[in-house]
There are 2 protein chains.
Amino acid sequence: MPELRRDPVMGRWVIISTDRAGRPRDFYQSSHGAAARQASTALCPFCPGQERLTPKEILAYRPQGGEPNSPGWTVRVVPNKFPALQVEGDLGREGIGLYDRMNGIGAHEVIIETSEHKDNLADMPSKRIEDVFWAYRDRILDLKKDLRFRYILVFKNHGAAAGATLEHTHSQLIALPVVPTSVAAEIEGCRAHIEQRERCIYCDIIRQELGDGDRLVAENPEFVCITPFAPRFPFEMWILPKRHAAFFEDSQKTHFELLAPILAESLRRMDRVLSRPAFNYILHTSPLHEKTNEFYHWHIEVIPKLTQVAGFEWGTGFYINPVTPEDAAKSLRDAQI
Amino acid sequence: MPELRRDPVMGRWVIISTDRAGRPRDFYQSSHGAAARQASTALCPFCPGQERLTPKEILAYRPQGGEPNSPGWTVRVVPNKFPALQVEGDLGREGIGLYDRMNGIGAHEVIIETSEHKDNLADMPSKRIEDVFWAYRDRILDLKKDLRFRYILVFKNHGAAAGATLEHTHSQLIALPVVPTSVAAEIEGCRAHIEQRERCIYCDIIRQELGDGDRLVAENPEFVCITPFAPRFPFEMWILPKRHAAFFEDSQKTHFELLAPILAESLRRMDRVLSRPAFNYILHTSPLHEKTNEFYHWHIEVIPKLTQVAGFEWGTGFYINPVTPEDAAKSLRDAQI
């Protein structure tokens, strides 16, 4: 049984999950193995016709109908075969002297974004990217009913260097009974700002960035993509809805219709400038059931994984970034896509 | 001129330093380059006889005496040739709308731990490891006089995967005009604990760990090495002084005489279990000039860099650790060294 443990100094929860040793790439294996593994698509568990290789599906979009766990789907959501957390059981919250632990209860799901093994999310038709957001939303709304969960983390690892263990493009979702420290810190920052100034800090950021223009990467009537003023990583990008909204899952159809093209455009610009880097994106949305409507503002953070700069901040918690966000934004804007 | 910028939501300062592009490994270069570079020691700027290849030394221990910037030293401290910050200038603190910035003022130094290119810190005689701590201490005490600085970060990157750009064993020191977020969060955690319970939280941790024994890696009369209860990374280790002390630089000779062997032993155990991994260690010590004596407790955090598990937490701020600290501690204790 996985465990959630809290660091008593930092208040940070970590998942201790020892059952994942059997997953495709274990942590002693070299990266050569990863490259070799991707040579063959024959046994890709995310390809149509191989549905038996994954746990039974939770959700699938089948425009022409059809049986569950059979081909014909465009987006498919399955439990992670090597979950970091397990769904069944109670939380078993417990103190051990100074320390706090609970059972590693949670959901860990994989959103297979396309049936085509060779597809790249950024190059997919906008309509199909929208469907990926609908899948995120449908799963969040469903998992929200389970009152054990306090946060749903949606993220994408693309490329082996960013932690993807399978090449077929996919996202992941983890429902947690705790709020991740990084989100809790964002919430605190937003709360402090509204208490002092009665405004959402992200709305203020958007206003300033649209005025300055120096860190603007892309824009449409509903969304903006910027390089943040104090980026941790070179070419870090944030995509924010212009209208204030705390919960991703409250988004409407018209929002997703404009989120899809700006995400695709931003990723294509990044692919062009950085020669298709490995990357992560993380959906930052409000913790579940919290009254954050006034002051939190959901967004997506995109982080290209340029491994050669990763040494310093590893462990120090302090970031040195060799590229200004203004230079990064200019390169991204100027990219021919 | 490098810049320090503050993220308005998280309160996190980052260094934007574009002048480092000329350093040995730039961030577009592949890791093959790194391996090739280490084949030759002829041009190692940290080897005796090549002193002209570094900026002029700040400090050196020469047991037999001798001229500065000539051979005969055992430990040598030089400015980083590709500094992330620059020493000269004023802070130029400034608000830009919502945002805060200041000039990238600070010191960035390299502590060359030995004159022998092939030495490995963990295998050096205890006396010579002590000298490395004396160099840390001497530099901290000197830099502390500069009232622009609020924190001195001492850390070691060992191995290319951990960010070391040169093979010859060395540590780094960065004096900062701000307190890193991770340290600020530790200070807050310690402060909350003492306010509630009138005790140092790290003293409490040490007491519990010595009682439990499950996460104990090594121990001597002055120090303890443990795997923390909620580790972010597999085989993460913390080395703490048993006696309460907030400031590393206040350590006495007898402390360093016992810190050297426990650090060496812990690293040798890690080398044995993980086949000499790349690693970082980071000295966590009190911010300068702050009244943290009662509640902060300096320590060293050691993090082996097992790259294959680094995918998930990258950017999410949430850690999944596939190895329990109890299993890690047992392997480390059982290692034949």
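Modeller: Helices (H or I, at least four residues) and strands (E, at least two) are DSSP runs, numbered from the N terminus. This is a predicted model, where local features need pLDDT of at least 70 and side-chain atom pairs count only at pLDDT 80 or more, while totals for chains, interfaces and linings use all residues. Residues are numbered from 1 along each chain as its sequence is written, and chains are lettered from A and ligands numbered from 1 in the order in which they are written.

Biologist: What's between β1(A) and β2(A)?

Modeller: Six residues, making the two strands a hairpin. A:Gly11 in the turn has a positive phi of about 75°.

Biologist: And which way do the β1(A) side chains point?

Modeller: A:Glu3 and A:Arg5 go one way, A:Leu4 and A:Arg6 the other, and all are buried. Buried means 20 or more other C-beta atoms within 10 Å of the residue's own; 12 or fewer is exposed, in between is partly exposed, and C-beta atoms are placed from the backbone.

Biologist: How much of chain A counts as buried?

Modeller: 49% of its 337 residues. The chain has seven helices and 15 strands.

Biologist: Switching to the big picture: in what order do the 10 strands of the open sheet in chain A run?

Modeller: β3-β4-β7-β9-β8-β13-β14-β12-β11-β10, with antiparallel pairing. β3 (59-61) and β10 (216-219) of chain A are at the edges with a single partner strand each, so one side of each has no neighbour in the sheet. Neighbouring strands are turned by 20° against each other on average, direction ignored.

Biologist: What packs on that sheet?

Modeller: Helix α4 of chain A, residues 201-212, touching β10, β11 (223-226), β12 (237-241) and β14 (299-304). Its direction makes about 75° with that of β11(A). Axes here are lines fitted to C-alpha atoms, for helices over the stretch in contact, and angles run from 0 to 180 degrees between N-to-C directions.

Biologist: Over to chain B. How do α2(B) and α5(B) pack?

Modeller: α2(B) (residues 126-143) and α5(B) (residues 253-274) pack at about 110°, their axes 8 Å apart. That makes them roughly perpendicular, a label for 65 to 115 degrees; under 35 is roughly parallel, over 145 roughly antiparallel and the rest oblique.

Biologist: Which residues meet there?

Modeller: From α2(B) they include B:Phe133 and B:Trp134, and from α5(B) they include B:Leu259 and B:Leu263. Contact means C-beta atoms, placed from the backbone, within 7 Å.

Biologist: Last one: is B:Arg215 buried or exposed?

Modeller: Buried, because B:Arg215 has 25 C-beta neighbours inside 10 Å. B:Arg215 lies in the loop between α4 (201-212) and β10 (216-219) of chain B. Leaving aside neighbours within four places in sequence, its contacts include B:Glu209, B:Phe229 and B:Glu326. B:Cys225 is 10 residues away in sequence and 8.6 Å away in space, C-alpha to C-alpha.

Note on methods
Pairing = 2+ DSSP bridges. Contact = placed C-beta atoms within 7 Å.
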